[in-house]
Amino acid sequence: MNLNTIPKLVFIVLSLIATRTSAQDLLLTTSNDSIQCKIIEIKQNDSIEYIYFKGGIKKAEKLNMNSFLKIVPNFYIVKSQNKVDSIINNQNTNYFQKLKEKTFFKDNNNRISLDYLYSARVREPSLLIYNGKTKVVEKDKLQFTELQGYQLEFSLSINRDKNLFLGVIVSNLTNEVKNYKIVGLPNAPIQQYDASNQISSLGIKGMYLFQSKRAYNNLFIILGLNKTFYKEELYATNFYTVYTSNTYSPFGGFNYDFRFHKNLAVGLGLLFEAGFIKEIDSNKSGTKATLTLDGNGYDLFRLNYSAGLKYYLGK
């Protein structure tokens, strides 16, 4: 071999390698579909594994070889920028154009969420002190219908398609009312208290992401289970009552994220949470007791509305 041809051969080989790493392939299927993708592995007489974008999510797929009519390597030639694979290559376009491109967003391997949380009780909005012997003054009932707080969540994808997530969720809700009025036994005077209510939860949840043609739309359906800690306090002159309890609360609902950045999104959520308190620890001015509630117990069924910022971690 002529020594002068060696540099040329080396140049050609390097060029082919560079082209391969910056090119996208075309697959033509037996159903007359064309797939723009990046081929990962071809097993002769067996299968083809490739990656492509669907709904803004990079997905891996593996199909039988006889599903394809034609394989065209390097069909889409795109210049690589900063040695980034063309399938996640960022083009020099304006922001709104990028939003329409599925390659603009980071892969959603993990998701962190911080939300403002508003909770509304669906059924009887009184405190635990409403046990059949006392009655909340009607105009004061609604004061304990609503609680507000925060919610923190971390989720990670658990499948190759990145549409199933498993996460942990922490929330804290509180309410405080001054001069809370309660009627005691018949003909008894109305008593006034300063009252506070706290509901804290630690739980696990699963999420399913519905695929969308628009990469920035992310709609999740959610199911989960919380360990819920309940606390209620009533204070008056020379008197106090503290109730505490805990239970398991199943929940389900929806969350919608609008992704406006490679990693960031804003989201809205709605969860239905149920649960009953059957047993409470009572502390009345130092006298402690454990009480069992009649029937199903104290109903915690409520709607939780959330709004906050989401951060997606991906490649």
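Visitor: Why is S249 called buried?

Guide: Happy to start there, and please keep in mind that the model is predicted. The relative accessible area of S249 is 0%, and buried means under 20%, so S249 counts as buried. This serine belongs to strand β12, residues 239–259.

Visitor: What makes the pair S249 and T228 a polar contact?

Guide: Their side chains are joined at 2.9 Å, and the cut-off for such a pair of N or O atoms is within 3.5 Å. Setting aside neighbours within four places in sequence, S249 also touches other residues, including G224, L225, N226 and E273.

Visitor: And S47, is that one buried or exposed, and how do you know?

Guide: S47 has 5% relative accessibility. The limit for buried is under 20%, so S47 is buried as well. S47 lies in strand β3, which covers residues 47–54. Beyond four places in sequence, its contacts are E41, I42, K62, L63, N64 and M65.

Visitor: How confident is the predictor, and which elements have the lowest and highest mean pLDDT?

Guide: On a scale from 0 to 100, the chain has a mean pLDDT of 76, with 69% of residues at 70 or more.

Key. Residues are numbered from 1 along each chain as its sequence is written. This is a predicted model: local features need pLDDT of at least 70, side-chain atom pairs count only at pLDDT 80 or more; totals for chains, interfaces and linings use all residues. Side-chain values use heavy atoms; hydrogens and water are left out. Helices (H or I, at least four residues) and strands (E, at least two) are DSSP runs, numbered from the N terminus. Buried means under 20% relative accessible area, exposed over 50%, partly exposed in between (1.4 Å probe, protein chains only). Contact means heavy atoms within 4.5 Å. A polar contact is a pair of N or O atoms within 3.5 Å; within protein, one must be able to donate a hydrogen and the other to accept it, and residues adjacent in sequence count only if both atoms are side-chain atoms.
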